[in-house]
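Here are my notes on this model, written up as numbered points. Have the viewer open while you go through them.

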Amino acid sequence: MTIENAQPVQSMPDDGELVLATVREITAHGVYVTLDEYGKLPAFLHISEIATGWVRDIERYAKPGQKIVLKVIRINRVRKEIDLSLRQVSGEERRAKIIEVKKTEKAATILDALKVKFGNDTSVRTIVDSVLNQYDTLYDGFEDITRRGPKALQKLGLDVMLAEPLEEVVKDKISIPIVEVRGVMDIRVKTSNGIEVIKSALRSGEDVKTSGAQVKVTYLGTPRYRLIVKAENYKVAERGLQSALERIKTILDKSKGKFSFIREESRKQLE
């Protein structure tokens, strides 16, 4: 096992495995490719496995130099012959494989940066062993460090001389996507303590503890306030938004306040 790959090297893929391949040559009978993850091992995609039905022009599906996701359907390990299929790969499988490859490449980039940072393979090997002891893949561990910082590093049990540079490199290389849902609230309370009621309602909304959601209220000018919820995905953000709105409205209802909410366009950004 090398630090570069941080995974056991297999000479050939398994039957049914999804692989990333580079198109090498197109013939009348199919496509010759090399497998990116297996040392450019040659394999073949027969024309019958390109698409359902008759394929008139193979280059509609594959062009020389193109990278495509394929499924292993037959292996002759003695002769080292591998047959592949494109038509048996679903859209969801293709997307998942591409994401997996990108994560592997990102992890390799981080390892290269760590080598430069520490100047020796021993420190990097210690980090790799610690991460793979706690996570399924290096990228999973690196991403968790980006999300949770010290809590994730504590889980690894690394010496501070390794942990701090590791966190610095990982956070420089991995950006966690953040989505934002928002809207404008119109709040009116006519009681003598109306201002205090509104402040209490808004504080309650900001105190929502929905996992992963951050709630913030900004003042736009009486009687308008903007409610902003940020999270790593829209499902969590929407849950936080609804919880905040319910809290705010509950407090206002007790004082017979008037409340309305108008959604604004959602946004997506990187931390």
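This is a predicted model: local features need pLDDT of at least 70, side-chain atom pairs count only at pLDDT 80 or more; totals for chains, interfaces and linings use all residues.

1. Ground rules. Residues are numbered from 1 along each chain as its sequence is written, and side-chain values use heavy atoms, with hydrogens and water left out.

2. Ring pair one. The structure holds two aromatic pairs; rings of Phe, Tyr and Trp (its six-membered ring) pair if their centres lie within 6.5 Å, and planes under 30 degrees apart count as stacked, over 60 as edge-to-face and the rest as tilted. Tyr32 and Phe44 make a tilted pair, with 4.7 Å centre to centre and 45° between the planes. This pair links distant parts of the chain, twelve residues apart: Tyr32 belongs to strand E2 (residues 30–35) and Phe44 to strand E3 (residues 41–46). Helices (H or I, at least four residues) and strands (E, at least two) are DSSP runs, numbered from the N terminus. Tyr32 counts as partly exposed because its relative accessibility is 33%, whereas Phe44 is buried at 16%. For the cut-offs, buried means under 20% relative accessible area, exposed over 50%, partly exposed in between (1.4 Å probe, protein chains only).

3. Ring pair two. Tyr219 and Tyr225 are also tilted, at 5.4 Å centre to centre and 50° between the planes. Tyr219 is exposed, with a relative accessible area of 54%, while Tyr225 is buried at 10%.

4. Helix packing. Two packed helices are described by the angle between their axes and the distance between the axes. The axes of H1 (residues 91–118) and H5 (residues 160–173) come within 10 Å and cross at roughly 135°. That makes H1 oblique to H5. Axes here are lines fitted to C-alpha atoms, for helices over the stretch in contact, and angles run from 0 to 180 degrees between N-to-C directions; under 35 degrees counts as roughly parallel, over 145 as roughly antiparallel, 65 to 115 as roughly perpendicular and the rest as oblique.

5. Two serines. Ser123 lies in helix H2 (residues 121–134) and is buried, with a relative accessible area of 16%. Not counting residues up to four places away in sequence, Ser123 touches Phe118 and Leu162. Ser204, in helix H6 (residues 194–206), is buried, also with a relative accessible area of 16%. With that sequence exclusion applied, Ser204 touches Arg247 and Ile251.

6. Backbone details. Where is Pro223 found? Pro223 is in the loop between strand E7 (214–221) and strand E8 (224–231), and the peptide bond from Thr222 to Pro223 is cis, with omega near 5°. Lys40, in the loop between E2 and E3, has phi near 60°, a positive value in a residue other than glycine; Lys40 is partly exposed at 47%. Lys80 is not a glycine either, and has a positive phi of about 55°. Lys80 sits in the loop between strand E4 (67–76) and strand E5 (81–85) and is exposed, with a relative accessible area of 52%.

Terms used: Contact means heavy atoms within 4.5 Å.
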